[in-house]
Amino acid sequence: MAYTMSTRGRDAFDLIELIYDAVENTDRWPAFMEAVCRATGTTHGLLALHVPGHRHLQIGCLYGWTEQDVQLYGQRYAHVDPWLVGGDRFPAGAVESNRVLCTDEEFYSSMAYREFYAPNNCHHGCGAIIARSPDGMSFLTQIRAEHSGAYGEEELSILRRLMPHLQRAVRLHGELSSLRSQLAGVRHVMDLYPQGFLQIDSYCRVIYANETARRDGAMTFESGQLQVGSPRGNHALRDAVHKMTGDVHGRVRRLDVASSYRLLLMPVPKPLDATAGENQAAVSILTIDMKSPSKPDPEMLGELFSLTPAEARFTSWLVSGFSMEEISVKLKITRETARTHLRRVLGKTQTKRQGELISLVLRSIPFARA
């Protein structure tokens, strides 16, 4: 294909769009790889992206090669490939043809060429070093048949136009990976709490709900919108949310849905980023069911305070408001054994009275779901 400036510009524009599609959905990287190889007349290509902060390769994409080819290359030829050795001299952002990486004589006389490249009809190459980090290198390599000739400025210019966008894609992958990891950790912790916790937008559409909230029979999520059981309650909720979204003082509001069921509404500070999406959280909601029993998780109590399983079970019931006599019946132990548990737990938690112990546990550990 004879490239013109307008053709190369259109190719680059389409390829840039594919890059950002792939940042959002990594399954799109093969489509990008195929498109960039076709745009540059390439028969064999490899894209490797290392996400910052991760030692293992996160994204690998092949065109023309098989997994077996790559495995064989890594085992037998990578350490003697003059293209690869030559590429170590260039900084991140470099886009070069094989003739800059090493001389034709050096390449054609190498074992990597004789035994690996030539049998696969791979004679001319170019490469782009996207990023370097202690965790690894992100790069793009392209190779084609002998009759296609060496890569020229037409093809290299396409890769150079893509370079800043590929570098940005690597950074975005790192940021998204970190955010997803943090979010998974926060969600795991929130699911341990007995109280329901939600975040809704200004239209009462649910953005996030922990497991307790999802299981709460007093609330439903109709078409993604929070409903609290009665038309009057729903109207009161929407009225409160509307007032809170315009409240610059960020006051907390209470909403009694039923005699023993209460919602605590807390405004979410608006982000400084003016480009935040429409579904930006406006209000956080903590649900409080005053009739729902909940106990601290005995396993967590045992781990936190070095309690035996029996001591942890005893402490869990004690913190939940049960008397020594009631706990003795529930655990099928004598009152003397219950007093022994209490004495040992007080010693291990360095507290002197039951009230101190209960206060310490309430401050220290999430409760198990009822």
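**Rings, charges and a sheet**

F107 is buried, and Y117 is buried too; buried means under 20% relative accessible area, exposed means over 50%, and partly exposed is in between, with a 1.4 Å probe and protein chains only. Before I go on, this is a predicted model, in which local features need pLDDT of at least 70 and side-chain atom pairs count only at pLDDT 80 or more, while totals for chains, interfaces and linings use all residues. Residues are numbered from 1 along each chain as its sequence is written, and side-chain values use heavy atoms, with hydrogens and water left out.

Now the aromatic pairs. Rings of Phe, Tyr and Trp (its six-membered ring) pair if their centres lie within 6.5 Å; planes under 30 degrees apart count as stacked, over 60 as edge-to-face, and the rest as tilted. That rule gives 14 aromatic pairs. Take W29 and F32: the ring centres are 5.5 Å apart and the planes stand at 85 degrees, so this pair is edge-to-face. Both residues sit in helix α2 (residues 29–39), three residues apart, which is about one turn of the helix. Helices (H or I, at least four residues) and strands (E, at least two) are DSSP runs, numbered from the N terminus. W29 is buried at a relative accessible area of 1%, and F32 is buried at 0%.

Back to F107 and Y117. Their ring centres are 5.5 Å apart with planes at 55 degrees, so the pair is tilted. It links distant parts of the chain, F107 being in helix α6 (residues 104–108) and Y117 in helix α7 (residues 111–117), 10 residues apart. Both belong to a cluster linked by ring pairs, whose members are W65, Y73, Y77, W83, F107, Y108, Y113, F116 and Y117.

Next, charges. Side chains of opposite charge can pair when their charged atoms come close. A salt bridge here is a side-chain nitrogen of Lys or Arg within 4 Å of a carboxyl oxygen of Asp or Glu, and the count comes to 15. The N to O distance is 3.6 Å. R76 is partly exposed at 44% relative accessibility, and E115 is partly exposed at 38%.

R339 and E336 also form a salt bridge, at 2.9 Å from N to O. These two are three residues apart in helix α14 (residues 335–349), about one helical turn. R339 is partly exposed at 36%, as is E336 at 43%. Elsewhere, salt bridges with shared partners join R254, D256 and R262 into one network.

Last, the sheet. Strands of a sheet pair through backbone hydrogen bonds, either parallel or antiparallel. Two strands count as paired if DSSP finds at least two bridges between them. This open sheet has five strands in the order β7-β6-β12-β11-β10, with antiparallel pairing. M266 stands opposite S284 in β12.
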